[in-house]
Amino acid sequence: MISRRSLSLAAMAAAAISAGLPLGAAGQTQSTLRVVPETLSRVLDPHFTTSFTTRDLGYLVYDTLFAMNDKFEPQPQMVESYTVSADKLTYTFTLRPGLKWHDGQPVTAADCVASIQRWAARDSMGQTLTKFMASLDASDSNTIKLVLREPYGLVLDTLGKIGAPVPFMMPERIARTPASEQVKEIVGSGPYKFRADLHEPGVKIVLEKFADYKPRAEPPNWVSGAKIAKLDRVEMLGMPDAQTQVSALINGEVDYLERVPADLLPLFTAKSGAKAEVVSKYGFQAIMRMNHLQPPFDNLKVRQAIARAIDRTMYAAVVAGDPQFATDCAAMFGCGMPYESKDGIPTRDIAAAKALLKEANVDMSKPLVMLHIANAPGIAALGNVTRQVLVDLGFKVDMVAMDFQTFATRRLNTGPVAQGGWNLAHTTNSVPDQGNPLSNPFLVASGPPASAWGWPSDPKTDELRLKFATAPDEAARKAIAAEIQARAYEQVLYLPLSQFTTPSAWRNNLDGVLKSPVMLLYNIEKK
């Protein structure tokens with residue numbers, strides 16, 4: 001049944017829409033796709049951030065040398081053909097003919113070399129590839145030559161990485177921007193081009209069909225294959241309130257919603273003109289990350305105490321708004337994924353948790369600062385559960401509410417709490433992003449600045465990750481992945497809290513919505 005709350009909020013949302021929310025220009029044609037992401041990132045550089053919005057924007061604006069299909073097989077994308085030497089040390093890639101940047105210039109191998117180098121400086125898989133790389137050069141305008149110091153079997157998987165930061169290609173003049181700085185221009189070679197003149201940060205991102213894009217001949221499969229721009233324009237709109245989003249969709253003011261809370265699903269009746277459906281069967285991993293640089297979580301026993309205290313069924317009950325969309329999966333590489341494992345997962349034991357805190361002699365008088373993302377309902381729900389866990393253990397908790405954009409900046413602060421630092425936070429990541437020891441950013445354990453926010457340091461984990469990279473076959477990789485998970489739980493590098501899916505929703509007149517771990521907005525047309 002539809003709750004009174006949902007009906008009243010939907011009515012309020014409709015009133016808000018009629019009052020003039022920024023839903024796009026009046027009189028737009030049927031060739032405009034109006035999309036509402038969960039949050040609308042202000043950072044548009046796809047190498048610079050792990051924002052889902054930026055990643056999804058990237059799949060429209062940019063292209064990749066290789067792209068992953070639904071069997072986790074990297075497929076040529078911008079690459080026409082490639083060869084691997086008999087000793088498996090030299091990879092030669094030939095670009096597809098006729099590729100162009102949005103500024104009209106031809107795509108060259110030098111552009112791609114610069115792009116790989118910039119992306120690799122910020123990505124965990126890219127950093128691993130760099131450790132094996134002897135050289136990366138443009139042999140001529142269409143040929144890229146990559147030479148390794150020793151064989152590394154995941155070269156193509158790395159260049160076809162599906163999750164953020166994605167190895168998107170950029171013009172060399174832009175890719176030469178230091179990895180520590182955001183690019184000033186958004187220029188790619190993908191099916192849509194960015195309209196800087198129409199960009200309203202945090203409000204609207206506008207993309208226009210790129211007439212010179214040449215899609216591949218293969219059918220689309222996850223992020224591989226043909227990227228066909230069937231609509232002239234895509235608008236990504238900032239609309240933080242979920243009820244407003246759903247009402248806008250039902251009223252025909254927008255066409256597609258990235259995520260729909262479960263309590264609003266009853267609004268999608270046969271008469272609503274819209275439907276909701278899960279497009280990523282693997283979904284997302286809910287994550288708790290503790291700051292390893294600051295007390296009390298610089299103490300291993302305190303981190304282990306939290307790991308023994310959490311009840312994943314509580315997180316699964318709230319993260320998706322409906323337990324039917326979540327499980328208490330604790331596999332670091334995702335349930336249903338190739339490297340799923342049960343190794344090292346701690347059992348819940350409150351008495352053991354309290355004993356560990358007593359051994360650690362932790363100071364409970366100072367409140368823990370929890371960064372709390374208030375404008376993403378699923379992530380906010382995680383924080384509410386954790387707060388109670390901490391209070392039950394005797395901690396005081398200061399939940400600092402903020403939007404995701406503020407969080408994306410604040411979480412990078414390595415200083416103490418008194419200087420704007422923090423103690424713990426929550427986020428989510430797509431399960432395929434978490435799916436192996438090299439792509440999972442929360443397993444980089446090299447301390448700052450190489451590790452992701454939280455900055456764990458554990459040489460043993462880094463050693464095992466390199467061992468995984470050089471494993472001779474898949475069976476060996478699976479064994480090492482299980483060992484890495486056990487070590488990561490022992491050190492509490494991070495905590496998976498649950499695995500969940502979230503329905504997307506779109507108007508009934510849309511055809512061609514692709515099933516994928518990321519939101520793909522090409523291939524869609526309006527009836």
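Predicted model: local features only at pLDDT ≥ 70, side-chain atom pairs only at ≥ 80, totals over all residues.
Figure 1. Asn291 is placed in the loop that runs between strand 13 (284-290) and helix 8 (300-309). With residues up to four places away in sequence left out, Asn291 touches Phe297, Asp298, Trp422, Asn423, Gly454 and Trp455. Asn291 is buried because its relative accessible area, 0%, falls under 20%.

**Figure 2. Helix 4 (residues 124-132) and its packing partners.** At the start of helix 4, a side-chain oxygen of Asp123 comes to within 2.9 Å of the backbone nitrogen of Met125. The buried residues of helix 4 are Ser124, Met125, Gly126, Thr128, Leu129 and Phe132. These residues pack against helix 3 (109-120), helix 5 (155-159) and helix 14 (459-469), as well as strand 6 (133-140) and strand 7 (143-148).

**Figure 3. The largest nonpolar core, with 146 residues.** Leu65, Phe93, Val155, Ile306 and Leu495 have the most contacts inside this core. Helix 11 (residues 377-393) supplies its largest share, six residues. Apart from this core lies another, of 15 residues, which include Val36, Met239, Val246 and Phe268.

**Figure 4. Surroundings of Phe93.** Residues up to four places away in sequence are not counted here. Phe93 touches Phe66, Val79, Ser81, Tyr82, Asn142, Thr143, Ile144, Leu146, Val155, Leu156 and Leu159. Among these neighbours, Val155 is, like Phe93, one of the residues with the most contacts inside the largest core.

How values were computed:
Residues numbered from 1 in each chain as written. Heavy atoms only, no water. Core = buried A, V, L, I, M, F, W, Y, C linked by side-chain atoms within 4.5 Å. Buried < 20%, exposed > 50% of the residue type's maximum accessible area, 1.4 Å probe, protein only. Helix = DSSP H or I, 4+ residues; strand = E, 2+ residues; numbered from the N terminus. Contact = heavy atoms within 4.5 Å. Polar contact = N/O pair within 3.5 Å; in protein donor to acceptor, adjacent residues only side chain to side chain.
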